[in-house]
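Here's a quick briefing to read alongside the model. Have the sequence and the structure open as you go.

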Amino acid sequence: MTLRLFIPTDAGALAVGAEEVAAAIRAAAARQKVALDIVRTGSRGLYWLEPMVEVETSAGRVAYGPVAPGEADSLVRAVCGNGAHPLRQGLTEQIPWLKRQTRLTFARCGVIDPRSLEDYCVHGGGKGLERALALGAAATVEEIVQSGLRGRGGAGFPTGIKWRTVAQTPAQQKYIVCNADEGDSGTFADRMIMEGDPFVLIEGMAIAGIAVGATKGYVYIRSEYPHAAATMEAAIAAARRGGLLGNRIAGSSFAFDVEVRVGAGAYVCGEETSLLDSLEGKRGVVRAKPPLPAHKGLFGQPTVVNNVLSLAAVPMIAEKGAAFYRDFGMGRSRGTMPIQLAGNVKYGGLFETAFGITLGELVDDVGGGTRSGRPVRAVQVGGPLGAYFPRALFDTPFDYEAFAAREGLIGHGGIVVFDDSVDMAKQARFAMEFCAVESCGKCTPCRVGSTRGMEVIDRIIRGENRAANMTLLEDLCHTLKFGSLCALGGFTPYPVMSALTHFPEDFRVPPRLQAAE
Ligand SMILES: Cc1cc2nc3c(=O)[nH]c(=O)nc-3n(C[C@H](O)[C@H](O)[C@H](O)COP(=O)(O)O)c2cc1C
Ligand code: SF4
């Protein structure tokens, strides 16, 4: 009998020793004369259990984790026997953290070999493309419109409407650009898809190409993601060999091909227009809109720019229909959201669920509170430009409009948890500092205002002219919010003002300085 194990090659698992564990298990199996087959997968996203090793059994895959190389011998012995081991987590699919999710986009992540097109197809891959080809371009666009899918990169713009605009813009050449810059703090869902189920992204891009009349796609990946870039390259090569990409995709009359481009590393290159500049070989600087990328995008041609998660949801919508997807969620937030729990959290990882779950459920229940064991004081949702929410706002449902109504944003779905040792004045200063460092420099409120913002917060922290500096800070935030060309400057006030509004005590002048004021 051959022992069949699954061990992730996901960067998060590798960072905690998955490669060493795989090597130790191979050596242990050789010592124990056990025939072994190790399939390298993506991660299931239960990061506190990584490196997680799964074993194929007649009842399904059984998980063990977190495994250290020193446990390889006992693990091999256990799985060849009755399976009992202190690290045994039971059937993977029955682990409550995984079982309570609705995995639509992430259905195959951690399950399949990400470099095998065959494995992808065995697990249902390719059916969306098949149906899109049967539907034709216009009906495919309509299917995406009707699904209610909104862009998962941050702005939440309806994906189908964007596609329709590109489809209706006449041009010789159109492009599909996948935004895999994933710069938001506490986010890793794009990376997980590229490392765990790259074909779903390729299929989503091919469907987008058919729908809008584009023959060429680019995946723009941040340089900090070398594993994702390598897996994408391997998957693209396999997709070309297997006919998923090429001159006649899936035997049709449509041509579509994809290339990977690696960015040089700038948060602002995630903004779609500076991403396009970067793709064109220029320095990433934000372009004024109009024209929209949908009209004049890459090399001046009509371009769909979509986030990895938006495109990865497409094959499932194309296959199962708009109504299937739309049935999940609440209000105008339809479908599921792959939420990423990070920072000081006990159970960090990827939690895909329908919109509508509350922030409190996510942080306390799913996340299990802080890793440090201290009380949760604040969470930042939606990346470095997202607001800090206190416990008093934990009843907010995960929904674009509900967060906006409370001066927040869900962005790319990242939640960063902080315990009660956090200094919110420092966090507010950090938001200004981040903006100053990452600003593309094109407009004055952001380029100059962020540096002035740091200085003003420093003065508040030092207790200098507190009242006057508070007014100045609010004024500055107003200028940034309404005077910036893009959301980097425009949203920096969110973390700053939310820290000030919800945690005013951290901005209070120490009593000694108050006396001097
Ligand atoms: C400063 C800044 C950084 C951004 N970073 C990203 C990013 O890393 N990934 C992403 O998909 N979208 C990012 N966006 C949003 C993109 O501009 C754009 O809205 C998105 O790629 C469109 O795809 P979607 O509609 O599928 O979300 C960023 C926006 C701004 C202003
Ligand atoms: S807001 Fe900042 S990043 Fe955006 S265009 Fe202006 S200077 Fe550039």
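Which residues have the most contacts inside the largest nonpolar core? They are Trp163, Leu201 and Val219, in a core of 66 residues. Keep in mind that this is a predicted model, where local features need pLDDT of at least 70, side-chain atom pairs count only at pLDDT 80 or more, and totals for chains, interfaces and linings use all residues. On bookkeeping, residues are numbered from 1 along each chain as its sequence is written, chains are lettered from A and ligands numbered from 1 in the order in which they are written, and side-chain values use heavy atoms, with hydrogens and water left out.

**Nonpolar cores**

- A nonpolar core here is a set of buried Ala, Val, Leu, Ile, Met, Phe, Trp, Tyr and Cys residues joined through side-chain atoms within 4.5 Å; buried means under 20% relative accessible area, exposed over 50%, and partly exposed in between (1.4 Å probe, protein chains only).
- In the 66-residue core, helix 10 (residues 198-212) gives the largest share, with 11 residues. Helices (H or I, at least four residues) and strands (E, at least two) are DSSP runs, numbered from the N terminus.
- Trp163 touches Val141, Ile144, Ile207, Ala208, Ala211, Val212, Val304, Asn306, Leu311 and Val314, leaving out residues up to four places away in sequence. Contact means heavy atoms within 4.5 Å.
- There's also a second, separate core of 36 residues, and Val422, Val456, Met470 and Leu476 are among them.
- As a general rule, nonpolar side chains tend to be buried together in soluble globular proteins.

**Around ligand 2**

- Ligand 2 has 13 residues around it, the closest being Cys440, Lys442, Cys443, Cys446 and Cys486; a residue counts as near if one of its heavy atoms lies within 4 Å.
- That shell splits into 8 nonpolar, 4 polar and 1 charged.

**Two residues to look up**

- Thr231 is in helix 11 (residues 226-241), and its 7% relative accessible area makes it buried.
- Beyond four places in sequence, Thr231 touches Pro114, Arg115, Met194, Glu195 and Pro198.
- Asp506 is in the loop between helix 22 (493-502) and helix 23 (511-516), and counts as partly exposed at 22% relative accessibility.
- Asp506 and Lys426 are 80 residues apart along the chain, yet their C-alpha atoms are separated by 8.8 Å.
- With neighbours within four places set aside, Asp506 is in contact with Arg377, Val422, Asp423, Met424 and Ala425. Val422 also turns up in the second core.

- Most residues other than glycine have a negative phi, and most peptide bonds are trans.
- The bond joining Lys289 and Pro290 is cis, with omega about -5°.
- From Pro290 to Pro291 the peptide bond is cis too, with omega near 0°.
- Pro290 lies in the loop between helix 12 (272-279) and strand 9 (303-307), and Pro291 lies in the loop between helix 12 and strand 9 as well.
- Phe299 also lies in the loop between helix 12 and strand 9. It has a positive phi of about 50° and is partly exposed at 43%.
- Ala250, in the loop between helix 11 and strand 8 (257-262), has a positive phi of about 50° although it isn't a glycine. Ala250 is partly exposed, at 48% relative accessibility.

Note on methods. Ala, Val, Leu, Ile, Met, Phe, Trp, Tyr, Cys and Pro count as nonpolar, Asp, Glu, Lys and Arg as charged, and the others, Gly among them, as polar.
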